[in-house]
Amino acid sequence: MEVASRSHNNESAEPSSSHVLGWMKAIVPHRIINKIAEKAKEAKKLGIDDPRRIIHSFKVGLAITLVSLFYYFQPLYEGFGVSAMWAVLTVVVVFEFSVGATLGKGLNRVCATLLGGLLGVGAHWLACYSGKNGEPVVIAVFVFIVAATVTFVRFFPKMKARYDYGLMVFILTFCLVSVSGYREDEVIRMAHERVVTIAIGSCTSLLVCILICPVWIGEDLHNQVADNLEKLGKFLEGFGGEYFKRSNDAQSNTEKSFLQGYKSVLNTKNSEENMANLARWEPRHGRFKFRHPWKLYLKAGTLTRDCAYKIEALSSHLNSENPTPWPEEIQSKIQESYTMISSETGKALKELASAIKTMARSSSVNTHIANSKAAAETLKSLFKISVLEEDTDLLEIVPAATVASLLMDVVTCTEKIAACVNDLASQANFNSPNNNNNMIRGNSRLLHRGSVQPISGTEGPHHVITIGE
């Protein structure tokens, strides 16, 4: 009976276990495959969006492999021993995406390690003269004073922006050397090996970062400021027509990309400040000379964001769910001025963006700004006349006056941005419009160096053309 009952239990258990296994094979692998496919698509998108990320990954792998040779080759390992691991750790910590970030971290780490090591050796040397009982007290006092002072210095904005990492490494190195020296007799040798291995790791990171497909953060900042101006210009160029079209019908403009591009400009402050701080570390390269005026890019970015906030207010009128209907007599008077202001300021901003990208001064920016200011003055006159008219309903003018005020603020912002870009062009030595047209003018002169002589004794309009050399 027991055998029969056991066989019965096994038969009843087998279907349930096979059912569970079948369910696991059908469900779990499918979910895992989907998850892997999603991650693969995400990785592919990251690589397509910016192929430099893939190159950066290979560069980091190469740099770590090079400094790992201290462990692979016995002569190098005998020279540095376990301290060679600091070179590997330095590459992992220092190697960043851009040259500016890598150079800044590398110099911070090397200088902080050197100064911290020297000060740690000095503290250990002074502590040795305090006697056996006083040595730990002196070292503890030094550690407290140095750690507290340097930590307070980190709160200064300029120090925080450029030297925060170096200050942290300085505290770490000083504590390691001074405290370890209490138990280690060869404190100078330990400090020397640490400084040398960190310097080797930093130099290896810099050489690989600069020599193999370098990424210049300053150039990224340069292009970002220009792209932001172009986005605002595109919005303003299309605003006039879209606004009056919006006033007449209830179609949505959210699908139009040029009307949404300004949104990415609103939150660029932190990224621009970070890029400007890192760009100051970069050496001269390409069109960017030593001590390039990166601060003016921050100023241009600030003015661009101010303009973007005003454009956001304009966009709220454009995308209003309940647009105010325009009286025909008001629309006919102000539509041309509205369109002129938005179009000319948009063209001016796009010209400024092009000037930054090509690093060449534009000769038409001032013309576009002058046209927008003239249209703004005309608009002011129209509103004054409308207010003085007895049959004018002031409530009908309020929406139009609000938009007009915002457009005039945009004109003022555009003028400030143009002045900032002019300062940038002067300090960064942008090419002048005359230099850009020299070749065209030279070619046109060649067309006027010949002579045309009629042929006598022939019928019809035949001439001989002589080209002078």
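"Partly exposed" here sits between buried (under 20% relative accessible area) and exposed (over 50%), worked out with a 1.4 Å probe on protein chains only. This is a predicted model, where local features need pLDDT of at least 70, side-chain atom pairs count only at pLDDT 80 or more, and totals for chains, interfaces and linings use all residues. Residues are numbered from 1 along each chain as its sequence is written, and side-chain values use heavy atoms, with hydrogens and water left out.

**View A. Lys350 reaches Glu237 in a salt bridge.** A salt bridge means a side-chain nitrogen of Lys or Arg within 4 Å of a carboxyl oxygen of Asp or Glu; here the N to O distance is 3.1 Å. Lys350 belongs to helix 13 and Glu237 to helix 10, so this pair ties together parts 113 residues apart in sequence. Helices are DSSP runs (H or I, at least four residues), numbered from the N terminus. Glu237 is partly exposed at 32% relative accessibility, and Lys350 is partly exposed too, at 29%.

**View B. Glu230 pairs with Lys357.** Their closest N and O atoms are 3.0 Å apart. Glu230 comes out partly exposed at 24%, as does Lys357 at 31%.

**View C. Lys45 and Asp49 make a salt bridge.** The closest N and O atoms are 2.9 Å apart. Both sit in helix 1 (residues 2-49), four residues apart, so about one helical turn separates them. Lys45 is exposed at 53%, while Asp49 is partly exposed at 48%.

Technical notes
Helix = DSSP H or I, 4+ residues; strand = E, 2+ residues; numbered from the N terminus.
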